[in-house]
Amino acid sequence: MKKIEAIIKPFKLDDIRENLSDIGVAGMTVTEVRGFGRQKGHTELYRGAEYMVDFLPKVKIEIVIPDELLEQCLEAIVDTAQTGKIGDGKIFVYDVERVIRIRTGEENEEAI
């Protein structure tokens, strides 16, 4: 099993969720996060004063999937999230050793 963490622009979330559902992804965790990379933030004007916005709003998607869905999921996320502009995000892939559904005690692929 694999865990995918994708940091994306917030307005891409619904499209990515739809595309992952079409592939067969049954669930995901979504967190509103803030951060910066090469984008470095920007300046804004508020009540006549200019200030630096260092951390930009992003969305983190976390999904755990069987190994055979990995390439399809990565392709769906990249194709949907990519705008070609700085700040499109990043994807991290991890190995998952064990999953347990608390309610039923099911484990591993039955639990996802």
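Which residues of α1 are buried? In this predicted model, in which local features need pLDDT of at least 70, side-chain atom pairs count only at pLDDT 80 or more, and totals for chains, interfaces and linings use all residues, the buried residues of α1 are Leu13, Ile16 and Leu20. Residues are numbered from 1 along each chain as its sequence is written, and side-chain values use heavy atoms, with hydrogens and water left out. Buried here means under 20% relative accessible area, exposed means over 50%, and partly exposed covers the range in between (1.4 Å probe, protein chains only). Helices (H or I, at least four residues) and strands (E, at least two) are DSSP runs numbered from the N terminus.

**Helix α1 and its surroundings**

- Seen down the axis of α1, the buried residues fall within an arc of 65°, so they line one face of the helix; the arc is that of the directions from the helix axis to the C-beta atoms.
- These buried residues of α1 pack against β1, β2 (29-35), β5 and α2, where contact means heavy atoms within 4.5 Å.
- Just after α1, glycine 24 takes a positive phi of about 120°.
- Phenylalanine 11 lies in the loop between β1 and α1, and at 58% relative accessibility this residue counts as exposed.
- Although phenylalanine 11 and alanine 81 are 70 residues apart in sequence, they are 9.1 Å apart in space, C-alpha to C-alpha.

**Helix α2**

- Helix α2 has twelve residues and reaches 16 Å from its first C-alpha to its last, close to the 16 Å expected at 1.5 Å a residue; the expected span is 1.5 Å times one less than the number of residues in the helix.
- The buried residues of α2 are Leu70, Cys73, Leu74, Ala76, Ile77, Thr80 and Ala81, and they cover an arc of only 160° around the axis, which puts them on the same side of α2.
- On the other side of α2, Glu71, Glu75 and Asp79 are exposed.
- The elements that cover the buried residues of α2 include β1, α1, β5 and β6.

**The largest nonpolar core**

- The largest nonpolar core has 18 residues, and those with the most contacts inside it are Ile4, Ile8, Leu20, Ile61, Ile63, Ile65 and Cys73; such a core is a set of buried Ala, Val, Leu, Ile, Met, Phe, Trp, Tyr and Cys residues joined through side-chain atoms within 4.5 Å.
- Two or more residues of this core come from each of β1 (2-8), α1 (13-23), β5 (56-65) and α2 (70-81), and the largest share, six residues, is that of α2.
- Once its neighbours within four places in sequence are left aside, cysteine 73 is in contact with Ile4, Leu20, Ile23, Val25, Ile63 and Ile65.

**Salt bridges and the contacts of lysine 2**

- The count comes to six salt bridges, each defined as a side-chain nitrogen of Lys or Arg within 4 Å of a carboxyl oxygen of Asp or Glu.
- One of them joins the side chains of lysine 2 and aspartate 95 (2.3 Å, N to O), a pair that links distant parts of the chain, with lysine 2 in strand β1 and aspartate 95 in strand β6, 93 residues apart.
- Aspartate 95 counts as exposed at 63% relative accessibility, and lysine 2 touches, beyond residues up to four places away in sequence, Ile63, Val64, Ile65, Asp67, Leu70, Val93, Tyr94, Asp95 and Val96.
- A salt bridge also joins the side chains of lysine 3 and glutamate 62 (2.9 Å, N to O); lysine 3 lies in strand β1 and glutamate 62 in strand β5, so the pair ties together parts that are 59 residues apart in sequence.
- Within that pair, lysine 3 is partly exposed, with a relative accessible area of 23%, while glutamate 62 counts as buried at 17% relative accessibility.
- Lys3, Glu5 and Glu62 are linked in a network of salt bridges.
- The side chains of arginine 101 and glutamate 106 meet in a salt bridge (2.4 Å, N to O), and both residues are partly exposed, arginine 101 at 27% relative accessibility and glutamate 106 with a relative accessible area of 32%.

**Backbone at asparagine 108**

- Most residues other than glycine have a negative phi.
- Asparagine 108, found in the segment after β6 (89-95), has a phi near 55°, a positive value in a residue other than glycine.
- Asparagine 108 is partly exposed, with a relative accessible area of 28%.
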